[in-house]
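Please keep the sequence and the structure in view while reading.

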Amino acid sequence: MEGIIAIWQRDLIKFLRDKARLFGSFTMPILFLLIFGGGLSGTMETMMTQNLDVGGDFNYVQFVFPGIVSMTLLMTSVFSAMSVIEDKDFGYMKEILVSPISRVSIAIGKMAGAATVSTIQGVMLFALIPLLGLNYDLMSLIKVIPFMFLLGAALSGIGLLFASFINSTQGFQLIVNIIVLPMVFMSGALFPISGMPGWLDVIVKLNPVTYGVDVMKKIMIDVDQLSITVRETMGLNLTVFGRQVTVFEEILFILAFTVLVIAIATLSFKRANA
């Protein structure tokens with residue numbers, strides 16, 4: 001347990017001291033909010049209020065904001081694993097691997113550190129809620145924070161898997177960008193995923209970020225108060241094998257995925273040539 005805390009504390013301190021990283025990761029979601037919130041909000045709101053005969057109080061940014069937070073969790077969690085490559089270069093990872101700390105503790109400590117950092121950045125985005133004129137229940141925001149940590153831990157495992165066998169930061173950034181961007185765009189974070197072609201729908205359902213985004217939206221938005229038309233159009237009725245999944249089932253899936261990536265990351269650290 002001490003090993004896990006030590007690794008977690010080290011990654012957290014490195015994040016808090018890196019002002020450029022903190023600023024850069026915070027501005028990216030703001031840009032997405034400006035692009036998608038400002039660019040698509042008018043079109044989506046017009047479609048919902050006129051074509052679908054929905055009330056004029058529909059706010060598209062209200063729907064896309066949880067997706068932006070999920071995207072922040074994904075990017076921060078995955079790219080936090082780059083510290084593993086830096087630790088290899090400086091010899092710190094070799095010292096950890098030859099120490100009495102178990103490989104499981106190393107993987108959990110790294111994932112916990114990345115999850116904490118991503119959760120902090122996700123919560124920081126909540127400061128934009130009043131500036132954007134959005135209306136979320138305070139208890140809903142509090143309830144979503146533990147899930148943000150779980151999702152951050154699950155997604156950081158993806159980065160750890162690649163970082164364990166990639167030896168350069170340039171190669172890591174290239175490969176991760178190829179993976180992260182499709183995961184973002186095929187998750188429902190920025191636009192609805194309903195009505196997609198069959199082959200693309202399969203990829204969407206295999207994407208763990210899809211379920212994370214869906215849970216974020218269902219916790220932060222009072223979905224039960226929305227009309228069936230709005231839920232269907234905005235993709236808030238996610239189904240698997242023709243059956244609508246519940247928030248509890250999605251959380252169980254993310255939890256199982258987290259355990260799986262911890263196990264795989266542990267094996268990859270055993271094989272790692274630090």
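## The crossing of H1 and H6

Helices H1 and H6 cross in a right-handed sense, in a model that is predicted. Two packed helices are described by the angle between their axes and the distance between the axes. For helix H1 (residues 2–17) and H6, the axes come within 8 Å and cross at roughly 35 degrees. On the H1 side the contacts are made by Ile4, Ile7, Trp8, Arg10, Asp11, Leu12 and Phe15, while the residues of H6 that they meet include Ile106, Gly109, Ala112, Gly113, Thr116, Val117 and Ile120.

Arg10 and Gly109 are 99 residues apart in sequence, and their C-alpha atoms are 9.6 Å apart in space.

## Helix H6 and its surroundings

Helix H6 covers residues 103–124, a run of 22 residues, and from its first C-alpha to its last it reaches 32 Å, close to the 32 Å expected at 1.5 Å a residue. Of these 22 residues, 16 are buried, so H6 is largely enclosed by the rest of the structure.

Ile106 lies in helix H6 and counts as buried, because its relative accessibility is 0%, where the limit is under 20%; its C-alpha atom is separated by 9.2 Å from that of Ala265, 159 residues away along the chain. Thr119, also placed in helix H6, is buried with a relative accessible area of 9%. When neighbours within four places in sequence are left aside, Thr119 is in contact with Leu73, Ile145, Met148 and Phe149.

## The chain as a whole

The chain has 12 helices and two strands, and from the N terminus on its elements run α-α-α-α-α-α-α-α-α-α-α-β-β-α. Of its 274 residues, 51% count as buried. Among the contacts in the chain with a separation of 6 or more, 81% are accounted for by residues 24 or more positions apart.

In soluble globular proteins, nonpolar side chains tend to be buried together. The largest nonpolar core here has 70 residues, and those with the most contacts inside it are Phe65, Leu74, Phe126, Tyr136, Phe172 and Met220. Helix H7 (residues 138–165) gives the most to this core, with 13 residues.

Which residues is Phe65 in contact with, leaving aside its neighbours within four places in sequence? They are Leu33, Leu125, Phe126, Ile129, Leu132, Leu134, Tyr136 and Met220. Among these partners, Phe126, Tyr136 and Met220 are themselves listed with Phe65 as having the most contacts inside the core.

## Aromatic pairs

The count of aromatic pairs comes to two. One of them is formed by Tyr211 and Phe253, which lie 4.7 Å apart centre to centre with 50 degrees between the planes, and this pair is tilted. The pair links distant parts of the chain, since Tyr211 is in helix H10 (residues 208–220) and Phe253 is in helix H12 (residues 247–271), 42 residues apart.

Are Tyr211 and Phe253 buried or partly exposed? Tyr211 counts as buried, at 7% relative accessibility, whereas Phe253 is partly exposed, with a relative accessible area of 33%.

Definitions and conventions
Residues are numbered from 1 along each chain as its sequence is written. This is a predicted model: local features need pLDDT of at least 70, side-chain atom pairs count only at pLDDT 80 or more; totals for chains, interfaces and linings use all residues. Side-chain values use heavy atoms; hydrogens and water are left out. Helices (H or I, at least four residues) and strands (E, at least two) are DSSP runs, numbered from the N terminus. The expected span of a helix is 1.5 Å times one less than its number of residues. Buried means under 20% relative accessible area, exposed over 50%, partly exposed in between (1.4 Å probe, protein chains only). A nonpolar core is a set of buried Ala, Val, Leu, Ile, Met, Phe, Trp, Tyr and Cys residues joined through side-chain atoms within 4.5 Å. Contact means heavy atoms within 4.5 Å. Rings of Phe, Tyr and Trp (its six-membered ring) pair if their centres lie within 6.5 Å; planes under 30 degrees apart count as stacked, over 60 as edge-to-face and the rest as tilted. Axes are lines fitted to C-alpha atoms, for helices over the stretch in contact, and angles run from 0 to 180 degrees between N-to-C directions. A crossing is left-handed if the near helix is turned anticlockwise from the far one by less than a right angle, and right-handed if clockwise.
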